[in-house]
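Colleague: I would like to go through the labels on this model one by one. Please set each value against its cut-off.

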Amino acid sequence: MTLKPVRRMQANHQWEAVTPLHYKEEGSAPFKDVSRHVLFGDTHIGAELRYFEVSAGGYTTLERHEHAHAVLILRGAGRVLIGDEVHEVACNDLVSIAPMTWHQFRPADGVVLGFLCMVNQSRDRPQLPHSSDLERLRATPAISEFIRV
Ligand code: MN
């Protein structure tokens, strides 16, 4: 498929020639109110650039994997679990998630959290936490309060 060299954001806050997708297959992993837009999926670059939007009250899947994430917060504000810490994030922040690091994004109360996420085009499947992983994560009160599974 040949893409136009320039594709603009539409009035509805979606991009020309980008179809909003389900974040993940329903029932495949725990998540709530997340949309996924693949902006670029370039075999020459070997990377995909996706835009995710999490509605107020939603959350991304608590997961880890061998591939890394490079994230730019583009809309709203919220918090992200990275490894053993929960960080506040806001528009224009850069977020690095190293391989095999537990991570989960949640918007701040009453707002949308939108972010760009760059990944390898060819990548391993995310791993979900086992009960032993959850037990370890929940040993930290700030994490226990934060995570949604
Ligand atoms: Mn991930």
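Modeller: We start with the metal: donors are N, O and S atoms within 2.8 Å of the metal (3.2 Å for Na, K and Ca), and water is not among the atoms, so sites may look incomplete. This is a predicted model; local features need pLDDT of at least 70 and side-chain atom pairs pLDDT 80 or more, while totals for chains, interfaces and linings use all residues. Residues are numbered from 1 along each chain as its sequence is written, and side-chain values use heavy atoms, with hydrogens and water left out.

Colleague: Which residues coordinate the manganese ion, and what makes them donors?

Modeller: Glu63 (OE), His65 (NE2), His69 (NE2) and His103 (NE2) coordinate the manganese ion at 1.9 to 2.3 Å. The cut-off is 2.8 Å, so they count as donors. Their spacing in sequence is E-x1-H-x3-H-x33-H.

Colleague: Why is His65 called buried?

Modeller: Buried means under 20% relative accessible area, exposed over 50%, and partly exposed in between (1.4 Å probe, protein chains only). His65 has 1%, so it is buried. His69 is buried as well.

Colleague: Where is His65 in the chain, and what does His65 touch?

Modeller: His65 sits in the loop between strand S3 (47–59) and strand S4 (69–82). Strands here are DSSP runs (E, at least two residues), numbered from the N terminus. Contact means heavy atoms within 4.5 Å. Leaving aside residues up to four places away in sequence, His65 touches Pro99, Met100, His103, Asp124, Arg125 and Pro126.

Colleague: What makes His65 and His67 a polar contact?

Modeller: A polar atom of the His65 side chain lies 2.8 Å from the backbone oxygen of His67. The rule asks for a pair of N or O atoms within 3.5 Å; within protein, one must be able to donate a hydrogen and the other to accept it, and residues adjacent in sequence count only if both atoms are side-chain atoms.

Colleague: How do you know that S4 and S7 pair?

Modeller: Two strands pair if DSSP finds at least two bridges between them. S4 and S7 are joined by 5 bridges, and they run antiparallel.

Colleague: What makes S7 mostly covered?

Modeller: In S7 (residues 103–107), 5 of its 5 residues are buried. In a regular strand the side chains alternate between the two faces of the sheet. His103, Phe105 and Pro107 are on one side of S7, Gln104 and Arg106 on the other, and all are buried.

Colleague: How many disulfides are there, and how do you know?

Modeller: A disulfide is a pair of cysteine sulfur atoms within 2.5 Å, and the count is 0. For Cys91 the nearest cysteine sulfur, that of Cys117, is 16 Å away, so Cys91 is in no disulfide. Cys91 is partly exposed, at 36% relative accessible area. Cys117 is buried, at 2%.

Colleague: Why is the pair of Trp15 and Tyr51 called edge-to-face?

Modeller: Rings of Phe, Tyr and Trp (its six-membered ring) pair if their centres lie within 6.5 Å; planes under 30 degrees apart count as stacked, over 60 as edge-to-face and the rest as tilted. The structure holds 5 aromatic pairs. Trp15 and Tyr51 are 5.2 Å apart centre to centre with 75° between the planes, so the pair is edge-to-face. Trp15 lies in the segment before strand S1 (21–22) and Tyr51 in strand S3, 36 residues apart. Trp15 is buried at 17% relative accessible area.

Conventions
Helix = DSSP H or I, 4+ residues; strand = E, 2+ residues; numbered from the N terminus.
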